[in-house]
Amino acid sequence: MPTENLFKALVREDDNGQWAFGTGFTDGLARVDRGVPEGVDRADLAEYCLMLGDDALIYAQRLSEWCSKAPEIEEDIALANIALDLLGHARVLLARVAEVREEGDEDALAYWRDAPQFRNVRLAELDLGPGPGGDFAATMARLLLFSSWRLAIFTRLAGSRDRLLAALAAKGAKEITYHRDHATQWVIRLGAGTSYSRARMTAGLDAVWPYAEELFAPHPVETRLAAQGVAVDPATVRTEVLGVLTEVLAHAELPPPAFVPDGEPHPGRDGEHTEELGPLLDEMQSLVRAMPGATW
Amino acid sequence: MTGVARARQAVESVLDPELPVVTLAELGVIRGVELNGDRVEVALTPTYTGCPALAQMRADIQAALARAGFPRCEITTVLAPAWTTDWISESGRRKLADHAITPPGPAPRHQGPVPLTLAPRPPETCPRCGSGGTVELSRFSGTACRSLHSCTACGEPFEHMKAI
């Protein structure tokens, strides 16, 4: 078929369905019972979904920064795939927030909030590279901590009274298992490798431990919803996560985790973030803010 | 053939955009096809939550239904029960293997905490030369659902669809 324009030959004019970034993800919730469980406060449920959704969104953005900058091409692909899984979780969760609030949509929540309105744990936002001061070992330390914690939360959340959270958690847990495996392999490889890689891995772990206790500090919203069988109280997964980390670090010939509390119990959940979140949002939101309503 | 059977056939024969050797039916992602008046209602489940191929699958289903004489359709995505590679059919597994993608083993099932996988996974058998001497290069390949391997006997790379 002769054609004057290869691009036009590749795209079809009749639809734009091939773009993954199309909005209107709420249909993904269609076949799940979306009712708010009896006795549950809508504002609390929306806030909880926002917490879990922001964790996934912000961390996905951080991970995607490694794409084309990782030590090897397989790692570019691995980190991008992990980011994509988390972005999928974020989309479901933010769409749920908009639905429960009966206001806005996933895009409005991702692109039109400023740092103090984000509810992610600070671990997700830390700038651990690939830019200046960043480090691949620290990136793997965070992936191990984040995915071990998230997996422990999601395996319990699969039993939530909120059917949508239960469905997402059951599916997401299977995906996060592969994320944790990936981090585990790297931490063992670096920790039990050469004296140089061991020193880098040790420094990487030390960089993330100050942000670990925040993961297990229950926010009042989590406490209320956990009592109603909707949320998981993060304090209940601390022992399990510590056990997982200790086991991995033993294989990596490294000492067990040394969590050090760092001030407020759950600053990120209250919108108090590090100064590293702002630049991340600047980049993530710049296009949409420069050209509101732009579509492909 | 009844209307719903024709609609079902059209939907089920759509090829997976990422692995265009297996159909969506063989992949196990079609969870229902119903005819409601002149509108076809399709339930589709994503392989992975963030799978970017889902939008393409939707577009392809819509186009296939239009070609089969069903211009009106509604495609909803289903999150629960979560897709598992156990739903890939026997013919789907054969086709994957024929195209140098070794099919997944049984999906792991857990009650309670998910155990750590510390030991290296047993090597896959090379789908090209049949050698058992293969190594995993990366747990994540071109898509999240596949891992990348290399055969030490014939030197060729191949992929494996991960059990999930």
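What share of the contacts in chain A with a separation of 6 or more comes from residues 24 or more positions apart? It's 80%, where contact means heavy atoms within 4.5 Å.

Quick housekeeping. You're looking at a predicted model, in which local features need pLDDT of at least 70 and side-chain atom pairs count only at pLDDT 80 or more, while totals for chains, interfaces and linings use all residues. Residues are numbered from 1 along each chain as its sequence is written, chains are lettered from A and ligands numbered from 1 in the order in which they are written, and side-chain values use heavy atoms, leaving out hydrogens and water.

**Stop 1: chain A**

Colour chain A by secondary structure: you'll find 12 helices and zero strands (DSSP runs, H or I of at least four residues for helices and E of at least two for strands, numbered from the N terminus). Of the 296 residues in chain A, 53% are buried, meaning under 20% relative accessible area, with exposed being over 50% and partly exposed in between (1.4 Å probe, protein chains only).

**Stop 2: the largest nonpolar core**

Now select Tyr48(A), Leu123(A), Leu145(A), Trp149(A), Leu165(A), Ile61(B) and Leu65(B), which touch the most other members of the 127-residue largest nonpolar core. Such a core is a set of buried Ala, Val, Leu, Ile, Met, Phe, Trp, Tyr and Cys residues joined through side-chain atoms within 4.5 Å. Helix H6 of chain A (residues 136–157) is the top contributor, giving 15 residues. Both domain 1 (3–77) and domain 2 (90–161) of chain B put in at least three residues each; the domain bounds come from an automatic or database assignment.

Zoom in on Leu165(A). Beyond its neighbours within four places in sequence, its contacts include Leu45(A), Tyr48(A), Cys49(A), Leu52(A) and Val230(A).

**Stop 3: between the chains**

Show both chains as surfaces. The contact involves 43 residues of chain B and 42 of chain A. Together the chains bury about 3,600 Å², 59% of it on carbon and sulfur atoms; buried area is the accessible area (1.4 Å probe) that two parts lose on being put together, summed over both. Pick out Thr49(B), Leu79(B) and Phe140(B), which supply 21% of what chain B buries against chain A, more than any other three residues.

**Stop 4: the two domains of chain B**

The centres of domain 1 and domain 2 of chain B, taken over C-alpha atoms, are 27 Å apart. Seven residues of domain 1 of chain B meet 11 of domain 2 of chain B, and the two bury about 790 Å² between them. Leu19(B), Val21(B) and Glu26(B) supply 59% of the area that domain 1 of chain B buries there, more than any other three residues.

**Stop 5: helix H4 of chain B**

Select residues 90–98. Gly92(B), Arg93(B) and Leu96(B) are the buried ones. Down the axis of H4(B) they fall within an arc of 100°, so they line one face of the helix; the arc is that of the directions from the helix axis to the C-beta atoms. On the other side, Glu90(B), Arg94(B) and Asp98(B) are exposed.

**Last stop: Lys162(B)**

Find Lys162(B) in the segment after E7 of chain B. Is Lys162(B) buried or exposed? Buried, at a relative accessible area of 3%. Its contacts beyond four places in sequence include Tyr178(A), Tyr48(B), Phe140(B) and Cys145(B).
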